[in-house]
Amino acid sequence: MVHFLLKIIDSGYFLFKKFIPIKTYRYAVCGGSNLILDITLYFICFQFIFDKQNLDLFFVVLSPHIASLFFVFPITFLTGFLLNRYIVFSESKLRKKTQFFRYLTIACTSLLISYISMKLLVDVFGFYPTPSRFLTILITVVFSYIMQNKFSFKV
């Protein structure tokens, strides 16, 4: 499966070969794919699953944009980890457990950044949730790439 995905992903690299290294290109493709998955799932959750209504969990009430954020997180966390481990940072010799824990740490920090950003953008500034989520993701992508490269999948 990894070789099949690499073949598909790398087929477009010739367009970017002069501008960016293969690792950055793969990160962009995998991250972009995961981003599309995230935004699509977020939109579906916000619009249809939570139907723009608060989610009452008895001990806390989550607004629909925050409930959607937490609902989507485990799915895109897992796909992101697998893509990064096997496609982007495959040269890392760290143990899977170590990579997973470090990736989880970065992902949770990114989730916290997302949560704070979403609360500010939607609840304080009154922006629409889906574009706010997209902007939040752009902020966390830069943070994540640096941290994945230097910490989670360090060579």
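Select F58 to begin: at 81% relative accessibility this residue counts as exposed, where exposed means over 50% relative accessible area, buried under 20%, and partly exposed in between (1.4 Å probe, protein chains only). F58 sits in the loop between β1 and β2 (61-62). Its phi is positive, about 75°, although F58 is not a glycine. Most residues other than glycine have a negative phi.

The model on the screen is predicted: local features need pLDDT of at least 70, side-chain atom pairs count only at pLDDT 80 or more, and totals for chains, interfaces and linings use all residues. Residues are numbered from 1 along each chain as its sequence is written, and side-chain values use heavy atoms, with hydrogens and water left out.

Next, select K52, in the loop between α2 and β1 (55-56). The phi of K52 is near 60°, again a positive value in a residue other than glycine. K52 counts as partly exposed, at 48% relative accessibility.

Now display the whole protein as a cartoon. Its secondary structure comprises 5 helices and 2 strands, in the order α-α-β-β-α-α-α from the N terminus. Helices (H or I, at least four residues) and strands (E, at least two) are DSSP runs, numbered from the N terminus. The C-alpha atoms fill a box of roughly 45 × 35 × 25 Å along the principal axes. Of the 155 residues, 37% are buried.

Move to H3, which belongs to helix α1 (residues 2-10). H3 is exposed, with a relative accessible area of 69%.

Select α3 and α4 together. These helices pack at an angle of about 145°, with their axes 10 Å apart; the axes are lines fitted to C-alpha atoms, for helices over the stretch in contact, and angles run from 0 to 180 degrees between N-to-C directions. The residues of their contact divide into 16 nonpolar, 5 polar and 4 charged. In this grouping Ala, Val, Leu, Ile, Met, Phe, Trp, Tyr, Cys and Pro count as nonpolar, Asp, Glu, Lys and Arg as charged, and the others, Gly among them, as polar.

Within α3, select H65, a buried residue with a relative accessible area of 5%. Which side chain does H65 join through a polar contact? The partner is D123, at 3.3 Å. A polar contact is a pair of N or O atoms within 3.5 Å; within protein, one must be able to donate a hydrogen and the other to accept it, and residues adjacent in sequence count only if both atoms are side-chain atoms.

Continue to R133 in helix α5. R133 is also buried, at 8% relative accessibility. A polar contact of 3.3 Å joins its side chain to that of S114.

Finish at the largest pocket, which holds about 540 Å³ of space. A pocket is an open set of points on a 1 Å grid over the protein atoms alone, where a 1.4 Å probe fits, with protein on both sides within 12 Å along at least five of seven lines; lining residues have an atom within 4 Å of a point. The volume is the space filled by probe spheres set on the points, and grid points are joined across faces, edges and corners. Select N34, Y103, T140, V141 and S144, the closest to the pocket centre of the 28 lining residues. The elements giving two or more residues to this lining are α2 (22-49), α3 (64-88), α4 (96-124) and α5 (129-152). The lining divides into 15 nonpolar, 11 polar and 2 charged residues.
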